[in-house]
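Biologist: I am new to this structure. Could you take me through it step by step?
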Amino acid sequence: KPNNKMYWIGLAVAYHLNSEYGMAIKILDAFQGSQEKIADAYENSELVLYRNMILEENGEYKEALEHLRSIENQVRDRVTFQEAKGFSNVC
């Protein structure tokens, strides 16, 4: 069901838990690309932060920091954003 976001997110989480980070990111990107705009700003915020967390876990710190810069205006959880930004800067 391509319109059901829980299937997309569930599949991304499954790949993430299986340490297949690249596929998890591809699925999240495909899901966000298939949506014109996610109506709930907080839901969108959590999705982009989750994508960033996957980048960090994969050791892609430079990409994670660049991603954080690109999503800054979408993130509602400022504390988590600042923590992720600080972690990426340290690594």
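Biologist: What is the handedness of the crossing of α1 and α2?
Modeller: The crossing of α1 and α2 is left-handed, a term for the near helix being turned anticlockwise from the far one by less than a right angle. This is a predicted model, where local features need pLDDT of at least 70, side-chain atom pairs count only at pLDDT 80 or more, and totals for chains, interfaces and linings use all residues. Residues are numbered from 1 along each chain as its sequence is written, and side-chain values use heavy atoms, with hydrogens and water left out.

Biologist: Which residues of α1 and α2 make the contact?
Modeller: From α1 come Lys5, Trp8, Leu11, Ala12, Tyr15 and His16. From α2 come Tyr21, Met23, Ala24, Ile27, Leu28, Ala30, Phe31 and Ser34. Contact means heavy atoms within 4.5 Å.

Biologist: At what angle do α1 and α2 pack?
Modeller: Helix α1 (residues 5-17) and helix α2 (residues 21-34) pack at about 165°, and their axes are 7 Å apart. Therefore α1 is roughly antiparallel to α2, the word for angles over 145 degrees.

Biologist: Where in the chain is confidence lowest, and where highest?
Modeller: Confidence is lowest in helix α5 (residues 78-90), with a mean of 82, and highest in α1, at 95. The chain has a mean pLDDT (the predictor's confidence in each residue, from 0 to 100) of 89.

Technical notes: Axes are lines fitted to C-alpha atoms, for helices over the stretch in contact, and angles run from 0 to 180 degrees between N-to-C directions. Helices (H or I, at least four residues) and strands (E, at least two) are DSSP runs, numbered from the N terminus. Angles under 35 degrees count as roughly parallel, over 145 as roughly antiparallel, 65 to 115 as roughly perpendicular and the rest as oblique.
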